[in-house]
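User: Here is a two-chain model I would like to go through with you, one question at a time. Please keep the definitions handy as we go.

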2 protein chains.
Amino acid sequence: MQGLMMTQALTIGSLMAHAQRLHPHQQIVSVTADHGVFRYAYRDCFARSARLANALARLGMDRGDRVATLAWNDHRHMELYYAVSCSGGICHTVNPRLFPEQIRWILDHAEARLLFIDAMFLPLVEKLAPALQHIEHIVVMSGAQAMPATALPNVLCYETLLEEADAHFDWPTLDADDAAALCYTSGTTGNPKGVLYSHRALLLHAYACTMPDVMNLARHDVVLPVVPMFHVNAWGVPYAAILVGAKLVLPGPKMGDGETLAGLMDDEGVTLALGVPTVWQGLLEYLRKSSRKLRTLRRTIVGGSACPLSMMQAFEREQNVWVHHAWGMTELSPLGTFNAPPPGYDALPEDEQARLRASQGRPVFGIELKIVDDDNTQLPWDGKAFGALKVRGPWVCSGYYRETDNTASHDADGWFDTGDVASIDADGYMTITDRTKDVIKSGGEWISSIALENIALSHPGVRAAAVIGVQHKKWDERPLLLIVPGEPAPTRDAMLAHFEGRVAKWWIPDDVVFVDELPLTATGKISKLTLRQRYADHALPGDG
Amino acid sequence: MQGLMMTQALTIGSLMAHAQRLHPHQQIVSVTADHGVFRYAYRDCFARSARLANALARLGMDRGDRVATLAWNDHRHMELYYAVSCSGGICHTVNPRLFPEQIRWILDHAEARLLFIDAMFLPLVEKLAPALQHIEHIVVMSGAQAMPATALPNVLCYETLLEEADAHFDWPTLDADDAAALCYTSGTTGNPKGVLYSHRALLLHAYACTMPDVMNLARHDVVLPVVPMFHVNAWGVPYAAILVGAKLVLPGPKMGDGETLAGLMDDEGVTLALGVPTVWQGLLEYLRKSSRKLRTLRRTIVGGSACPLSMMQAFEREQNVWVHHAWGMTELSPLGTFNAPPPGYDALPEDEQARLRASQGRPVFGIELKIVDDDNTQLPWDGKAFGALKVRGPWVCSGYYRETDNTASHDADGWFDTGDVASIDADGYMTITDRTKDVIKSGGEWISSIALENIALSHPGVRAAAVIGVQHKKWDERPLLLIVPGEPAPTRDAMLAHFEGRVAKWWIPDDVVFVDELPLTATGKISKLTLRQRYADHALPGDG
């Protein structure tokens, strides 16, 4: 028997309508290339989104069309988020930091016909333009006076488009399952893959983000997403902040600039900021150098990669700012787990506090986690067992855009394989221990490359370290340690002895290779893929 | 184009699974007739729910069957909530405070075949039993030793059923639109009407309740719902508290007992309690009499009817407890609006603070409000205009159970007419000014009976007051004031003079009637229906 309740769809449009009615005067503050600090109210943002929706229609955007953006976090990007998704299009954010060839590939694959760009990306787009098969119009997100000169024939000015557009737009009624946004993952292997978010997924994700044990977002908050809007919708902040009516501060291209960030935080009264560890490292260094204390910031949310415990402790001690770990993926809209301290945290011993903080946190309601072994058998939540991390839930992708076969990413029961290896403790705190492709499979058991690297790095004579698995006749794979030695450099034997008592005997690497430097990926991480290729034939001592 | 996201349904079962995994050790504390204070963990609750689901199946519960309850807030009622809804049944809570004939009518109308009751309601059910056409089994929620004697042939013992049931139950996969619960409104006119909640409605409602600007529910909270579980699912607390993993304290039949409530609050560390104003009045009186200060309670949520400002202020001043107004209805699952102080509240002048606190609060995201005039034209949100309050949203009923015609309750655009008259200010704070049927329609304009009653009550010579509309040749209706005079009694002219300067001239009542007492409804409110009937032919001065 069906319930007798209304069936209003959860859509980005319903979010906009609510905010317009309940929080019309709340502010959005934005740094752009052509403004120092630009400031307006939600209602101005949505009024301009309505004009933009008319402009999009005039430029030929149909229902379901992808509208691509190459842009930083600013008010015009916000207008695009709402104008495109609420008028039935798909807001397709593209990461300008990718290799130009990847950007070209993505724009082509998504078949976007409209491309909105920040002025600073025009040189990039000019180079790509001849190869872009589907783009009909390029709109530079700028005022008319600041428009850069270009030889491209199909370039339009954002502000001119808005001026010419009608102020009134009849927002359509959309279905919750309609696609609203598209973001490509930049995998280290193979082509990028597109994650196609539905309105329902983004709205449920927004509800979940606001909860007290998650982002704890309220109307009195001032939120600064330092995570880019081209990176999984800035972790959903452009929706969740609008849902609760929080003030939003958008740093434009100034994301990596500690001084600008600190200035924005103090000037605008920022209470919560979100970003990857490198951003916080930069900010912390600036704050130390300038002996500056942040006035209002009390919480940051850190994801993307693990935040060193020392940085968390430094923010707490030096700035009275609590750093929350969170974990997510493009495929998860992105939030999977969030680290809030459990009740009674303050009374815990220091090492238990440290263990909890280093974890990626607990699954938010809506997300199911499991860890499995090679046979897809569930492993216990005991904080020890680790296995492939799989997830399920209404904001997890069921497949990739224009991919018909999802068997590589999803198992037969529909769980998404994150590619991460993790353990989960009895209280649900999940800790990423490795990537599936980096874990070393020795005699049917798994060895965490990250755990071994952390031990190596704790030796004073090691500047950088990586552990990879290399082929072994008897054990299939065995760990090989590569280090960039410091001064004085440790001996091979001293290095291996350093592992004794710190891990099980059979985890200790079979060999040590001393190198001058480690190869990096485009995003600055150690490229284990390159290392595996380079050391594929490395002869381990005692292996035949 | 559809998004490519998973389609996991939001169901009560997903809530149970999450809580079982993430919060197995969190406590539920319960007062029952056969226990002083009973205490167990979420996982015990859900383990017993699984046994109960097996027992329900053995008793013949099919998908979509209504399972009726006549019970207080206790752990067994929680088990029923989850066992029934998660196994595909409909948890049909019945208000034991209704007239027996209404209870009979409701059980008959819902065609429930199973009835679960607290032992104290057995005498009531024994009287009703011969007239109950569909009930096959009556289960007394008690242990075997405390089972009351009865001549009824079809009475079973709850604990015996559970003992005999299998511990493992395969919970089915349900659809989000499936019905999960049923609750009848007790309208003052006509038969009760059944509101049939879907899983989706209850889950979205639970998400919305947890938000920081709404109930602000977190894992570290200890929640005491003094609102009965037979009254709109205890305002959704049995779902929202479980969603966040809060400790739950259930007062059983001891809801009206200030001493028991205060004891539970202090012993269990209650941080948030919810209930109607009379409960808080009783608690406040007990606390004053015993000069007791509550240790841990910091917030209460008050709904059902308006909470006097003086009581809010007393709780704040005497107990350091903040009282939040909320407004809802059975038809709204129930939450419509919630009163959280806006940013900057502390700096507002005292009368503005008082005005805000007296309001019912702002719509939570998911609920749309509008106020309309007689022609269904929207009125402005200016804090002055008042009109019929209509609502829309995914947890608002679209019709009533077994009613095919919803034109009396829903307009052509699908908005639900609440029967309330309200104003809404520019910031979205909604204030109920009257019931639609009580407002006085004078010359095409509306006069609030409640506003006039409040003015009358501010006269020291008035003990009780009611204002009703009576027929008038020229103006259609005009207000008639009825008062129960105190000592000394005011004169008619002094009474009318009291309104001057306090309302527009044309709002001032046309006449005053002095009475010894005012007729009350079954729930203790002044029966304006009786008054309108009694004074239908009252001749107003100057009206022909």
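Predicted model: local features only at pLDDT ≥ 70, side-chain atom pairs only at ≥ 80, totals over all residues.

User: How many nonpolar, polar and charged residues does the lining of the largest cavity have?

Analyst: A cavity is a set of points, on a 1 Å grid over the protein atoms alone, where a 1.4 Å probe fits but cannot get out, and its lining residues have an atom within 4 Å of a point. Ala, Val, Leu, Ile, Met, Phe, Trp, Tyr, Cys and Pro count as nonpolar, Asp, Glu, Lys and Arg as charged, and the others, Gly among them, as polar. Sorted that way, the lining of the largest cavity comes to seven nonpolar, three polar and one charged.

User: Which element gives the largest share of that lining in the largest cavity?

Analyst: Residues are numbered from 1 along each chain as its sequence is written, and chains are lettered from A in the order in which they are written. The lining includes Trp322(B), Val323(B), His324(B), His325(B), Leu356(B) and Arg357(B). Strand S14 (322–328) and helix H13 (350–358) of chain B are the elements giving two or more residues, where helices (H or I, at least four residues) and strands (E, at least two) are DSSP runs numbered from the N terminus. The largest share, four residues, is from S14(B).

User: What volume does the largest cavity have?

Analyst: The count is three cavities of 30 Å³ or more. A volume here is the space filled by probe spheres set on the grid points, which are joined across faces, edges and corners. For the largest cavity that gives about 60 Å³.

User: Which element supplies the largest share of the lining of the second largest cavity?

Analyst: The second largest cavity holds about 50 Å³ of space, and its lining includes Met312(A), Trp322(A), Tyr345(A) and Arg357(A). Strand S14 (322–328) and helix H13 (350–358) of chain A each give two or more residues to this lining. Four residues, the largest share, come from S14(A).

User: Which residues of chain A lose the most area to chain B?

Analyst: With contact taken as heavy atoms within 4.5 Å, 73 residues of chain A touch 74 residues of chain B. About 5,700 Å² is buried between the two chains, 62% of it from carbon and sulfur atoms; buried area is the accessible area (1.4 Å probe) that two parts lose on being put together, summed over both. Three residues together make up 17% of what the chain A side buries: Met5(A), Met6(A) and Phe365(A).

User: Which residue of chain A forms a salt bridge with Asp427(B)?

Analyst: A salt bridge is a side-chain nitrogen of Lys or Arg within 4 Å of a carboxyl oxygen of Asp or Glu. Two are counted between chain A and chain B. With its closest N and O atoms 2.7 Å apart, the partner of Asp427(B) is Arg219(A).

User: How many residues apart in sequence are the parts tied together by Glu159(A) and Arg76(A)?

Analyst: The structure holds 56 salt bridges over all chains. In one of them, Glu159(A) pairs with Arg76(A), the closest N and O atoms being 2.8 Å apart. Glu159(A) lies in helix H6 (residues 158–164) and Arg76(A) in helix H3 (residues 75–86) of chain A, so the pair links parts whose separation in sequence is 83 residues.

User: What is omega for the cis peptide bond from Glu487(A) to Pro488(A)?

Analyst: Most peptide bonds are trans. Pro488(A) sits in the loop between strand S24 (476–485) and helix H15 (492–497) of chain A. In chain B, a cis bond joins Glu487(B) and Pro488(B), with omega about -5°. For the cis bond from Glu487(A) to Pro488(A), omega is near -5°.

User: What is the phi of Glu111(A)?

Analyst: Glu111(A) is in the loop between helix H4 (100–110) and strand S5 (114–117) of chain A. Most residues other than glycine have a negative phi. Glu111(A), though not a glycine, has a positive phi, near 55°.

Definitions and conventions: Heavy atoms only, no water. 1 Å grid on protein atoms, 1.4 Å probe; cavity = no way out; pocket = protein on both sides within 12 Å on 5 of 7 lines; lining within 4 Å.
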